Amino acid sequence: MPHSAAPQTAAPQTAAPQTATPQGVARTSGVRLVHDLVVHVPSFQDAYDSHVFRQGDVLPHVFFWDVVQGTVRSFLTRTGAGAEGAAADWRRTLDFLEERCGRGDAVVDEVIVTSFLGDLPSPHEPGHGIVLQLGPVMAARFGRMRPRG
């Protein structure tokens with residue numbers, strides 16, 4: 001019987017595993033988004049390492065919970081003491097996601113809309129002001145998904 005390889009959990013700088021199935025292509029697209037984000041915003045490296053250790057693989061929708069938390073935390077500390085040491089650079093993260101959201105990749109869009117925009121703070125929660133900082137593509141999608149904020 002052929003030996004099946006375990007899923008790759010290589011560092012973000014390496015290529016995502018390739019596969020020919022439609023689910024594999026979708027998975028690769030979401031995993032590539034995570035890897036590229038970690039390269040673009042290195043402050044997510046520790047969250048990535050912890051995520052892969054806990055999950056045994058990259059699960060984009062699950063990982064993006066940490067992205068939301070780190071981004072909102074960074075946004076909240078942007079003008080206060082410790083802003084340089086914030087968990088993630090909120091502006092770099094928003095700019096990266098805005099650019100990726102505008103490419104037309106349905107899988108990437110689903111991860112960003114469902115697991116980032118959908119988990120941003122509500123109007124009564126600290127950090128909700130970050131929604132006013134979204135670029136035009138993400139702001140439009142956020143507005144359709146959560147018209148009342």
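These legends walk you through several close-up views of one predicted model.

Residues are numbered from 1 along each chain as its sequence is written. In this predicted model, local features need pLDDT of at least 70 and side-chain atom pairs count only at pLDDT 80 or more, while totals for chains, interfaces and linings use all residues; side-chain values use heavy atoms, with hydrogens and water left out.

**View 1. How confident is the prediction?**
The average pLDDT of the protein is 83, and 75% of the residues score at least 70; pLDDT is the predictor's confidence in each residue, from 0 to 100. Over residues 1-11 the pLDDT is below 50, and this stretch has twelve contacts in the model beyond near neighbours in sequence (a contact means heavy atoms within 4.5 Å). Residues 13-23 also have a pLDDT below 50, with 17 such contacts. Where pLDDT is low, the predicted coordinates should not be read in detail.

Rings of Phe, Tyr and Trp (its six-membered ring) pair if their centres lie within 6.5 Å; planes under 30 degrees apart are stacked, over 60 edge-to-face, and the rest tilted. By this rule there are four aromatic pairs. The ring centres of Tyr 48 and Phe 63 are 6.2 Å apart and the planes stand at 75°, so this pair is edge-to-face. Tyr 48 sits in helix H2 (residues 45-55) and Phe 63 in helix H3 (residues 60-76), so the pair ties together parts that are 15 residues apart in sequence. Helices here are DSSP runs (H or I, at least four residues), numbered from the N terminus. Phe 64 and Phe 116 also pair edge-to-face, at 6.5 Å centre to centre with 90° between the planes. Ring pairs link Tyr 48, Phe 63, Phe 64 and Phe 116 into a cluster.

Ala 47, Tyr 48, His 51 and Val 52 of H2 are buried; buried means under 20% relative accessible area, exposed over 50%, and partly exposed in between (1.4 Å probe, protein chains only). These four cover an arc of only 130° around the axis, which puts them on the same side of H2; the arc is that of the directions from the helix axis to the C-beta atoms. Turned away from that buried side are the exposed residues Asp 46, Phe 53 and Arg 54. Just after H2, Gly 56 takes a positive phi of about 80°.

**View 2. Phe 116 in the nonpolar core.**
A nonpolar core is a set of buried Ala, Val, Leu, Ile, Met, Phe, Trp, Tyr and Cys residues joined through side-chain atoms within 4.5 Å. The largest one has 34 residues, and those with the most contacts inside it are Phe 63, Phe 64, Phe 116 and Leu 120. Its largest share, six residues, comes from H3. Leaving aside neighbours within four places in sequence, the contacts of Phe 116 include Phe 64, Val 67, Leu 94 and Val 111.

A salt bridge is a side-chain nitrogen of Lys or Arg within 4 Å of a carboxyl oxygen of Asp or Glu, and the whole structure holds seven. Arg 54 and Asp 66 meet in one of them (3.8 Å, N to O). Arg 54 lies in helix H2 and Asp 66 in helix H3, so this bridge ties together parts twelve residues apart in sequence. Asp 109 and Arg 141 form another (3.2 Å, N to O). Here Asp 109 is in helix H5 and Arg 141 in helix H6, so the linked parts are 32 residues apart in sequence.

Key
Helices (H or I, at least four residues) and strands (E, at least two) are DSSP runs, numbered from the N terminus.
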